[in-house]
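Open the model in your viewer and keep the sequence panel beside it. The stops below say what to select and what to look for there.

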Amino acid sequence: MLDKAADENFPVAPFFLPRAWRADLMAVYGYARLVDDIGDGDLAPGGGDAVLLGLDRSQAEDTEALLDAFEADLRRVFGDPAQSPRHPLLRALRPTVRRCGLTPAPFLGLIEANRQDQRVRRYATYQDLLDYCELSANPVGRLVLGITGTTTPERVRRSDAICTALQIVEHLQDVVEDLRRDRIYLPAEDMRRFGVQEADLRSTTAGAPVRALIAFEAERARDLLNEGAPLVGSVHGRLRLLLAGFVGGGRAALKAVADAGHDVFSGPPKPTKLSQLREVGATLRGEG
């Protein structure tokens, strides 16, 4: 599960960070990855995670039951110190929560986002999508600020913009994969504006209307990254480099989407390491 960190558009816990930060960031990443795997039905076969969470192995594909059990186990992280969480990733999270004074709200938001994924398969408006990102993405940035002891209202606002942008970029890269799960994160109002039908998203190549739609959503994500980018300059040292990695990674992913002609149907466009480094450098210099 933790080996998926290398596949993200941004660095999760790079080597240059203090060891304590790296351990805490990986604990939070492990939590976020596990709850997403539950929501997406991507847990390892065999029902081992269900058993760890106190369920019967036969409930291994009951997503709602798994999320409920996961939330109950999360509450043990914040509860009586004598009562240990069942799942090892949640046991690993407890020292981070206590050391950094983290609150339950961001963790609960990520669970609720995955509950919403079971109920909501389409998003009528862009605002609806932003509301979803408030649950599915923004808590992660708030946790990073909490771990590094740099939380302020202005930084949270900038962080939310960056995290929402990264979520939208991921949705653009994963249109085909999401559709296989019967999920469409492209707002229906925007699909109508560009004359895109659901059938168009099932094609092997993206027609001009689809590419125009993807370009439109990509520009929105770029604007959000630009809105959030001043967060990088508000901190110092290695944290500044980490946050530049988030912004630069998002910008490099958008460049990969643009370089593919906004045709995301042949596979998720992924940035090269060189492109990522260039965008991180530009972000550190305050460009873009």
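This is a predicted model: local features need pLDDT of at least 70, side-chain atom pairs count only at pLDDT 80 or more; totals for chains, interfaces and linings use all residues.

Which residues in α3 meet which residues in α5? On the α3 side the contact takes in T63, E64, L67, D68, F70, E71, L74, R75 and F78, and on the α5 side P104, F107, L108, I111, N114, R115 and Q118. By residue class, this contact of α3 with α5 divides into eight nonpolar, three polar and five charged.

Now look at the direction of the two helices. Helix α3 covers residues 63–78 and helix α5 covers residues 104–119; their axes lie 10 Å apart, at an angle of about 180°. An angle over 145 degrees counts as roughly antiparallel, and α3 and α5 are therefore roughly antiparallel to each other.

Stay on α5 and hide the rest. This helix has 16 residues, and from first C-alpha to last it reaches 23 Å, close to the 22 Å expected at 1.5 Å a residue. Colour its buried residues: P106, F107, G109, L110, I111, A113, N114, R115, Q116 and D117. Then bring back the helices that these buried residues pack against, namely α1 (19–40), α3, α4 (88–100), α6 (126–136) and α7 (138–147).

Next, select Y31. Setting aside residues up to four places away in sequence, Y31 touches F70, L74, L90, L93, F107, L108, L110 and I111. Y31 is also one of the residues with the most contacts inside the largest nonpolar core, along with F70, L93, F107, L186 and L201. That core has 80 residues, and helix α14 (residues 237–259) gives the most to it, with nine residues. As background, nonpolar side chains tend to be buried together in soluble globular proteins.

Move to α14 itself. It has 23 residues and reaches 32 Å from its first C-alpha to its last, close to the 33 Å expected at 1.5 Å a residue. Within α14, pick G245. Is G245 buried or exposed? Its relative accessible area is 6%, so G245 is buried. For a distance check, draw a line from G245 to E154: the two are 91 residues apart in sequence, and their C-alpha atoms are 20 Å apart in space. After the helix comes G261, whose phi is positive, near 70°.

Select D160, in helix α8 (residues 153–173). At 13% relative accessibility, under the 20% limit, D160 counts as buried. Its contacts, not counting residues up to four places away in sequence, are E134, N138 and R142. Then select H171, also found in α8. H171 counts as buried because its relative accessibility is 8%. Beyond residues up to four places away in sequence, H171 touches L129, Y132, D178 and Y185.

The tour ends at C100, which is found in helix α4. What is C100 in contact with, leaving aside its neighbours within four places in sequence? Show D24, G146 and I147, which make up that list.

Key. Residues are numbered from 1 along each chain as its sequence is written. Side-chain values use heavy atoms; hydrogens and water are left out. Axes are lines fitted to C-alpha atoms, for helices over the stretch in contact, and angles run from 0 to 180 degrees between N-to-C directions. Helices (H or I, at least four residues) and strands (E, at least two) are DSSP runs, numbered from the N terminus. Angles under 35 degrees count as roughly parallel, over 145 as roughly antiparallel, 65 to 115 as roughly perpendicular and the rest as oblique. Contact means heavy atoms within 4.5 Å. Ala, Val, Leu, Ile, Met, Phe, Trp, Tyr, Cys and Pro count as nonpolar, Asp, Glu, Lys and Arg as charged, and the others, Gly among them, as polar. Buried means under 20% relative accessible area, exposed over 50%, partly exposed in between (1.4 Å probe, protein chains only). A nonpolar core is a set of buried Ala, Val, Leu, Ile, Met, Phe, Trp, Tyr and Cys residues joined through side-chain atoms within 4.5 Å. The expected span of a helix is 1.5 Å times one less than its number of residues.
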